[in-house]
Every structure is written in C-alpha cells, then in structure tokens.
There are 2 protein chains.
Amino acid sequence: MSALEKLRGRGAELADLSCVEMLLSWDQLVMMPGEGAAGRAQQLASLARLTHERATARALGEWLEELDGAQLEDLDRDIVRLARRDWERARRVSEELAADLAQARAEGQESWQRARANDDFDAFVPALQRNVELARAYGECVAGEGESAYEALLGDYDFGLRTHELRRIFGALAEALPPLVERARVSSPRRTLEVPVAAQQAAVADTLRRLGVDEASWRVDVSAHPFTAWMGRRDTRLTTRYSDGDVESLLSSLHEYGHALYERQIDPVLERTNLGGGTSMSIHESQSKLWENHVARSPAFAEVLAAELGAGGFPIAPAELHSALVGVEPGPIRVSADPLTYPLHIVLRFELELALIGGELAVSELPAAWREGMRRLLGVEVPSDALGCLQDVHWGAGSFGYFPSYALGCLIAAQLWEAMEKEIGPREEDLRRGEVAPIQRWLAEHVHRHGRRLDTIELVEQASGRGLEIEPFLRYVTPLAER
Amino acid sequence: MSALEKLRGRGAELADLSCVEMLLSWDQLVMMPGEGAAGRAQQLASLARLTHERATARALGEWLEELDGAQLEDLDRDIVRLARRDWERARRVSEELAADLAQARAEGQESWQRARANDDFDAFVPALQRNVELARAYGECVAGEGESAYEALLGDYDFGLRTHELRRIFGALAEALPPLVERARVSSPRRTLEVPVAAQQAAVADTLRRLGVDEASWRVDVSAHPFTAWMGRRDTRLTTRYSDGDVESLLSSLHEYGHALYERQIDPVLERTNLGGGTSMSIHESQSKLWENHVARSPAFAEVLAAELGAGGFPIAPAELHSALVGVEPGPIRVSADPLTYPLHIVLRFELELALIGGELAVSELPAAWREGMRRLLGVEVPSDALGCLQDVHWGAGSFGYFPSYALGCLIAAQLWEAMEKEIGPREEDLRRGEVAPIQRWLAEHVHRHGRRLDTIELVEQASGRGLEIEPFLRYVTPLAER
C-alpha cells in the first residue's frame, strides 16, 4: 500500500470512530438509563484514548513525510493538507490528557443534567472546575506561537478565526443591537402562544417530512437540549423538545434540520475521508440559523407552519403565528431568544468563558457574573441558575470556545441568504408553498458539498463574494424593530 | 507499570470496547433508521479490526510471558489464565478476517431482516453464503489439534464442550422427548389465548418492575427478535415483542430478564476485567430458561401474572393462564415453542449448522433440509421460510455453534433449580406471592458472581454437586405430559 492509501485507510477508520463516538453521546442524552453514566464515561474515555492514539500515531507522521512535495490530485492534496494540520494539532495532546478530557466531559454532562434538574449550581462546581482546568491545559498544549489558550480552543471549532476578530465583531453587535432591541420590544413585543404539545408534535413531524425527513434514514427524538447527531450520511438523528407554553419546537426542529442537511449534502466522494464533515462550527450554525431565522421565521413560511398546526388541531392565523415567532423581548434563555437579542446572549458567554479559561473568573463566581452580565447586556433579571448559567450543556460537556460560533452563524446565515436570493431570486413565493428544493440545492452547491475543503472565511468569500460582514444580519433584524 | 497492571489496563479497555460494540448492535436492531445499515457495518468492522488488534497485540504476549510462573493472588491468577487462553485463540485470526467477519455479520443481519419481512430466502442466500464461508474459515484458523471447524466455533460460545458430547446429549433427548410430546399434545394441548397487546404491555412492565427492573438502570424496548444487551452493570437493555395472538411477551421478557440478571449480579470486583462477563452461552441460556421455564411457567407464578393481566384490563384465571403457558403442541417457531418440544428445534439447528459448516449442505438447500427436519423431528409442516429457516437472526448474524447452548441451557436450568430447591426449599409459596429475592440471591451466590472464573461444566458441578445430566430436565417436563 502506498503512503496515500494508508493515510486514506486511517482516515476512514477515524471517520468510523467519530460516528461511534457520536452514537455513544446521542445514546447517552436520548436513550441511556441514568445509572449507565459512569460506565459510559469509561467507554468514551477508552474510545477517546484509542482514537487519539490512532490519530497521532508516529506512522501517520511518516506517511505524511513521504507525501511531502508529492504530485497529487486536487482531492488528495486537500486530504493530505488537512491530515497534516490535524495530526500536528493532535500530536501536541498527550494520550492521558485526551482520555481525562473525555471522561470529565461525560461526567460533567451527567452532573450538569442533575444540577439543572435540581437548580443546584453548587453540585455542578466540581465537574465544571475540572472541565475548565482540563480545557485550559488542552488549550495551552495546542496553542501555536503567540496564541492564548482560549484562542487555541477556538481553533478546534473554527480554524483560522482570531480572538481580536471576535472582539471587533461582537463589539459592533453590542453597539448596534441594543437600540434596535429597545424599539422592537415596543413595536414588536413577544407574545406567549399556548399551543398544545400534541399539535406541535404533529406540526413538527409534518413540516420535517416536507423537508425530506423520512423514517428510512432519519430519527426525530426528544432530549433536554435539542441537538443533531449523524452516523454517516444515511443515519441522521435530530432531537427537539416540547412545552405547552411556547412554539420553540417549531424553531428548534428547523434549526436542527439545518445542521442535519449540511452533513447529508456533503459530496459523497468525501465520505469516510478526513474532509467528510462540516468545516467549522460557525458554518454549521449558519446552516441551522438559516433554516431557523430565514425560513421558519419568515412571514411566507408561517403560512405553511400555521396550516400544519391547524391540521394538528390548533387553528391559527399565519400572521399571528409569525408575530409569535419573531416577537422581541429580552429573556433569560438563549435557545428561546428572539433573533434580535440572541447574539447578546453569546456576547455574555464569550466574555465569561474567556475569563474562566484566562483564570480571571473562578467557577464559584459564575452565577453572580452571569446575573451581572444579563442585567448589563439585556436588562434581564435571572430567576434561577437553572434558567441562568446552568441552561446550556456546553461547559458541562467541556466545550469552551464553541459559543461564539452561534453568533457568527447568525451573521453568516444572513450573508448567505442575501447571496442566494441575489442569485436565484426572492424565496417568498416558494416558501409560501413550502417549496424548499431550490434552497437545498443552492446550499448543497455553495456550502455543503465542500465538506472541510474550505475553511470558514474562505467559504463565506466563495459563496457570497465578500468577507464576513455584520451588515446583512443588521438588514435582516432591522425590520423586526420597525414592524 | 508492571506487566500485570498493563494486562489489566488492556482488559479494561477491551471490556469498554465490548460495551461499545454491544451498543452499536443494540442500536442497529432497536433504534437505527434502516438506511444506516451500510455505515453501521463499516463502523462495526472498524471497531472489530481495532479490537482484534488490541486483543492480539504482540505486547500482550510479552506481558503474559513476563507473568509466566509469577506468584499471583487467586483473582489475578484467573485473569492471567483467561487472558492467555483468549490471546492464544484470537492470535490465530488475522486482522483482515476479523474485519470481514464483522462486516459480513452486520450486512447479513440487515439482509436477514429484509428477507424475513418479505419471506424471500433467495435474497438472503448471498449474505448467508458469505457468513458460512467466513465462519468455516474462522473455525479452521482457531481449531486446535484434532478439532473440527465446527467444534472450534462451538468453543467461542462454550469453552470446553465437545461435539461428541453434544451428539450424546441430543441423541438422548431425541429419544426421550418424542414419546412425551405424543402424550402431552393430548393430555395438555396448547390453547390459543387472545390477549390484547395493551394488557400484555402493562403486565410485562409491572412484572419486570417486581423483579427489580427500574428506569434508572434498565431499558425495555421492542425488537423483531427479543434480546438483551448490557453496557456495564448499570445499563441493561432487554427487548421483547408483542402480538395479540399469544402471550409470548410474558415468557420472552422473563427469559431476557434471566440473561440480564446474570450480568448484573457478577461480582463487582470483576468489572472491566476479562472475567466480568457470563462464562458461556449455555450458562447464559440456563439463566434465561430458569426464569422462563421454572418461574414464568410455574403454576404458582401464574397467579402473579394473571393478577397483572387483570390489572391491565384482561381478567383471567391463573389456571387458565398456566395452561396456555405450558400447553404442548409441535409448531414451526423455536422462540414460541413449549418447553417440551423446544429442545427438538435445537437438535434440528445443530444438525443443519454442523452440515453447513462441514460443507455437506449447500446454503441453497437449506429451506428443503429445514422442512424435512421439521417433519422428521416434530411432525411439523413448515408454512413458509419466514416461519422456517428465516425465523432466527443467528446465522444471518454469523453465529454458528451458538444454538446448542439453548438446549443445554434448558438442561442446566432444571439441574440448578433442583439444586436450589434442595438447599433453600420449594419455591412454590414464595412464587405465589411474587417473592423472588431468595432465587436472585441463590443464583448470585452459586452462578452469577463467578463471572468467567468457572467454565460451564465446572460451574454446573460446583453449583449442583453433579456433572451435566438430562434427568432433572426430564423430571421437569414429564408432568407436562401427565397433566
């Protein structure tokens, strides 16, 4: 076997192991009996140790060396380029640290679930403390010349982004958004819509079916925090959650659908190579936000959603539903935030995780810092830790540097949506009829098919013809303040 | 780290990987969307390749050599003894063959599911053919001096058993059972009991709850073929299936419960060592058959089951339910066979798989051979392949040499039950009240806690004071013919 064949073989194996890890995590959050947690943590740790060993094997370095300067076709050149980048980053992490991280993440997730259920932050402190310390240690290992630990963590989710760029972008948002929020909370206030869970379930199932979600290659389940898992291109699993008090399920299921569609529309030729996944978290979030903000929250698609709720036994006028989906009101919860206040939730998390990893904020001080930040940025009083700093799984699961991608996703979604409408025309008429095939095709062509071949900024430039901007997003949210 | 520590570390890792593999298989049969099958096959193949590599690593051989003749405590001595035995068997199988086996098993399972659903044996031929060839190749690799390929396959499930022993035991059963069957089908005929699925579901859930099945560390699901999976001692998953036409669900859920309890009651000190699993398939089946035959089919426990069905909305007299659970009638399906005809189903499978692996029977001839055997042994006309040679998952999943353990399990269950009643007294009064704790304790002490420290025959001898006999089983089934 040639060095290239060996490299591709290892890539296929690592892709399989990544599917296996995803299944273990999906199962833990959706199916596993609670007391299985300790065993699952050990299984994940063993798997991580093994994966790390395979991803950092000296042999891999030798194959890469052999391939240095080799004449390769385009695809193979990208495979080798990314393999080299991943290998070099992974080599900096010891096997022991990789296993500790995996175990702490699994245990942290379990601890977070309990702490959140009991609104008991103190019970979560040791697990979170451990995750912070390990993330910092990890960041310090991986950091390149002149990079901080936090920036290195960021690089795992969005290769090529810089902290100072984030400060600039988030600074601009923090300036531009609050005046819009002030106007919108008066002109377009949030309304509570009490929709029976059964009607939501029917509407979610039927809407997803319209978008191509069938039982042959999808699952839709319920979990505490909605998420998506994919075990290959033909086994996609999204979750949502339901409550009588709102219609979050409609938004979150379309949000997760966006993640799912991205992975499913990657060029099949990249399957089981190191290029066969979404390129970054912010591009991933741009895909979920595109379906959440620009489809589910459009006046046109509200006609489809209203019809589905009606068929599920809850008749409602499209305009009324649309109002409920775009109404603005600063609140404590990120995932149910309106599109205008949403990025400010991220600004807070960015500030706090930067301080946690930097060591300027102690874990025990988090609840107070959270309350202060929510007051300052959104004017919101946090009613409890369960609805405050315990609301998200991320830190419990050891993910630091992930949150910024949520806000970047909003910006990129708006920028891609404008580029798409410029190319194939306004989507309004199609969306009114629930016709989304042209959107799916445009995204496949300009975003999805590339897999990891293009990094975030490069992909945005190729797809939209411009660098990352905040203006498209502001153009998207401004009408919300002027309704 | 000492050689012993390294060996135990590897043992823990292999135990974790085995849990991971079990989860992948459970998920495939219970949760996975159908089109995920190809990807799952690749994931299982990669995992098998990796597991095989870790289980057969040269380093392991070096640690074992270092430990040769070392002074060890009892537990470590057993750990090393089994590690040596497993290593030597596994070393004989190439990495490539191990991966081929795993992939063919996953694909074969999928093919079997479709073939069975469509009653289309021809569609299953290529996958089965591939499984037979690979099993034969595997058996030939692993076979020791003077062993046939089939005997080597048998050794994977029941170490230490011999084909000529099976011929002797099955020969004796084939002689003793048919006259009993003839009498029983008149004196104790099978009655159809139409029980609504909802009542069965309620009774299964409540009965399992009585036996200690709680949501904190168990799952109960539905699958085409009932089975049990365990991902560590605190994550146990059993499946059952329901149909309006019978009460099989009551028997199969107690059957699977027996498997589950065995794994859960292994001495915790053996967890994540190479001794921390059930010792053999026939001992495993003895545990499931003990709960199926000696608990669920007892007149005393029928009072509990009848009360549960009543609470579920289907009032029935205990005696009537008991009759339905023990009535004898030769039929085409193994898993719903009565306890008297059951072993004859195994005799047939034993004959056929012996011939398949030996090359005396072509895969394409299987349906005809099956029909002939059913006529000869049980006087049954097979109505379709779906209800004939496609009824069991085993061969599709690449398991040859597994079936005999089902009949041995019946024998051992009866022998253990007699030994238990001799020691702690008749169970009748307790079972009438649904009190099973003394049974659970006796099994934990005499069977479960040992894990793999004792092989089949040794365990039977220690627990019952005698070698494997067929008389206790005949004493158990004879009253069925004399009711």
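Guide: The discussion below takes up the interface, the sheets and the salt bridges in turn.
This is a predicted model, in which local features need pLDDT of at least 70, side-chain atom pairs count only at pLDDT 80 or more, and totals for chains, interfaces and linings use all residues. Residues are numbered from 1 along each chain as its sequence is written, chains are lettered from A and ligands numbered from 1 in the order in which they are written, and side-chain values use heavy atoms, with hydrogens and water left out.

Visitor: What makes a residue part of the contact between chain B and chain A?

Guide: Contact means heavy atoms within 4.5 Å. The contact takes 34 residues from chain B and 34 residues from chain A.

Visitor: What is the area buried between chain B and chain A, and how is buried area defined?

Guide: Buried area is the accessible area (1.4 Å probe) that two parts lose on being put together, summed over both. For chain B and chain A this comes to about 3,000 Å², with 55% given by carbon and sulfur atoms.

Visitor: Why is the pair A:Asp235 and B:Arg40 called a salt bridge?

Guide: The term requires a side-chain nitrogen of Lys or Arg within 4 Å of a carboxyl oxygen of Asp or Glu. The closest N and O atoms of A:Asp235 and B:Arg40 are 3.6 Å apart, so the pair meets the definition. The count between chain B and chain A is eight salt bridges.

Visitor: Which elements of chain B supply at least two residues each to the side that touches chain A?

Guide: Helices (H or I, at least four residues) and strands (E, at least two) are DSSP runs, numbered from the N terminus. Those supplying at least two residues each are helix 1 (3-30), helix 2 (37-55) and strand 1 (218-222) of chain B. Helix 1 of chain B gives the largest share, nine residues.

Visitor: How do you know that strand 1 and strand 3 of chain B are paired?

Guide: Two strands pair if DSSP finds at least two bridges between them. B:Val222 stands opposite B:Thr240 in strand 3 of chain B.

Visitor: Why are strand 1 and strand 2 of chain B described as standing at the edges?

Guide: The open sheet of three strands in chain B has the order 1-3-2, with mixed pairing. Strand 1 and strand 2 (228-230) of chain B each have a single partner strand, so one side of each is left without a neighbour in the sheet.

Visitor: How many bridges join strand 2 of chain A to strand 3 of chain A?

Guide: Three bridges join strand 2 of chain A to strand 3 (residues 236-240) of chain A, and the two run antiparallel. A:Thr228 stands opposite A:Leu238 in strand 3 of chain A.

Visitor: What does the salt bridge between A:Arg432 and A:Glu303 tie together?

Guide: The side chains of A:Arg432 and A:Glu303 meet at 2.7 Å, N to O. A:Arg432 lies in helix 17 (residues 428-432) of chain A and A:Glu303 in helix 12 (residues 299-311) of chain A, so the pair ties together parts that are 129 residues apart in sequence. Over all chains, the search finds 86 salt bridges.
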